[in-house]
Amino acid sequence: MSSSERIGFIGLGTMGKPMCLRLAAAGYEVTGYDIAPGPLKEAVEAGVVAGANSAEVAGRTDLLLTSLANPDQVAMVMEGSGALAALRLGSVWVDLSTNRRELIQRLSENAPEGVSVADAPLTGAVDGARNGRLTIFIGGAETTVAKVAPVLKHLGQVISCGPLGAGNVVKLVTNQLWFVAAAAIGEAAAAVVVACLLYTSPS
């Protein structure tokens, strides 16, 4: 996608807002929306166009990006708010949220004809979102991934994981590995403390 393509961004929270601002700073025409007026106002001040609602944003953009807190919010915005049905022929929806594979696949099946869908959950925390150093695990058709990768590269490293839903599978596996590592570190730290107490205690 070139900088002339219109981007919609729904969800301007802790991660969404800095990503949205990076795309606007890169020269894209970005229309943003969030249910909270504060983040939307800040985005507008940085050059983002304010959307009236989710469906209006979806209907006027070539690439729709969503960054929402959980799968329930994704379903509520895309189905309940009508954003999914508003997507235009030839447009692409990329969900940056950590989602359920089954949900993203179902939403893709219900998308209007001619609309492409990809899931692209990410890691890197807020600093990564601000500095464009996120790791983005994208799942989708090869043609879809190739089309949106130039945009997503403004946000960080793009790793193609396979078909639709594969991005979330990889993201959840990395989350599990992180928790396992954190637990192991905690156990090791506790063992060190116990050992130090045993060796330093008076006999």
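Is Ala125 buried or exposed? At 51% relative accessibility, Ala125 counts as exposed, because the cut-off for that class is over 50%. The model is predicted. Ala125 belongs to helix H7, which spans residues 125–131. Its backbone is also of note: Ala125 is not a glycine, yet has a positive phi of about 60°.

The strands were examined next. Strand S1 covers residues 6–10 and pairs with strand S4 in the parallel sense, over four bridges. Within this pairing, Ile7 stands opposite Leu63 of S4. Ile10 has Thr66 of S4 as its bridge partner. S1 also pairs with strand S2 (residues 29–33). That pairing is parallel too and runs over five bridges. Here Gly8 stands opposite Thr31 in S2. Four of the five residues of S1 are buried, so S1 is largely enclosed by the rest of the structure.

Strand S4 spans residues 63–66. In a regular strand the side chains alternate between the two faces of the sheet. In S4, Leu63 and Leu65 point one way, whereas Leu64 and Thr66 point the other way. All of these residues are buried. S4 runs parallel to S5, and four bridges join the two strands. Thr66 takes part here as well, with Asp95 of S5 as its bridge partner. Strand S5 (residues 92–95) in turn pairs with strand S6 (residues 116–119). This pairing is again parallel, over four bridges. Val94 has Ala118 in S6 as its bridge partner.

S1, H1 and S2 make a right-handed β-α-β unit. S5, helix H6 (residues 101–110) and S6 also make a right-handed β-α-β unit. Helix H1 covers residues 16–25, and its buried residues are Gly16, Pro18, Met19, Cys20, Leu23 and Ala24. Just after H1, Gly27 takes a positive phi of about 105°.

Two loop residues were then considered. Leu68 lies in the loop between S4 and H4. Its relative accessible area is 14%, so Leu68 is buried, the limit being under 20%. Leu68 and Asp95 are 27 residues apart in sequence. Their C-alpha atoms are 8.4 Å apart in space. Ala46 lies in the loop between helix H2 (37–45) and strand S3 (49–50). Ala46 is partly exposed, with a relative accessible area of 44%. The C-alpha atoms of Ala46 and Ala25 are separated by 8.3 Å, although the two residues are 21 apart along the chain.

A disulfide is a covalent bond between the sulfur atoms of two cysteines. The structure holds zero disulfides. Cys20 is buried, with a relative accessible area of 0%. Cys161 is partly exposed, at 23%.

Rolling a probe the size of a water molecule over the atoms shows where empty space is left. The largest pocket holds about 290 Å³ of space. Its lining comprises 16 residues. Those nearest the centre are Tyr33, Ile35, Leu68, Met76 and Val77. By class, the lining of the largest pocket divides into eight nonpolar residues, seven polar and one charged.

The second largest pocket has a volume of about 160 Å³. It is lined by 14 residues. Closest to its centre are Met15, Leu96, Ser97, Thr98 and Leu122. The lining of the second largest pocket divides into seven nonpolar residues, six polar and one charged.

Note on methods
Residues numbered from 1 in each chain as written. Predicted model: local features only at pLDDT ≥ 70, side-chain atom pairs only at ≥ 80, totals over all residues. Heavy atoms only, no water. 1 Å grid on protein atoms, 1.4 Å probe; cavity = no way out; pocket = protein on both sides within 12 Å on 5 of 7 lines; lining within 4 Å. Points joined across faces, edges and corners; volume = space filled by probe spheres on them. Nonpolar A, V, L, I, M, F, W, Y, C, P; charged D, E, K, R; others polar. Pairing = 2+ DSSP bridges. Right-handed = clockwise from strand over helix to strand, strands pointing away. Disulfide = S-S within 2.5 Å. Buried < 20%, exposed > 50% of the residue type's maximum accessible area, 1.4 Å probe, protein only.
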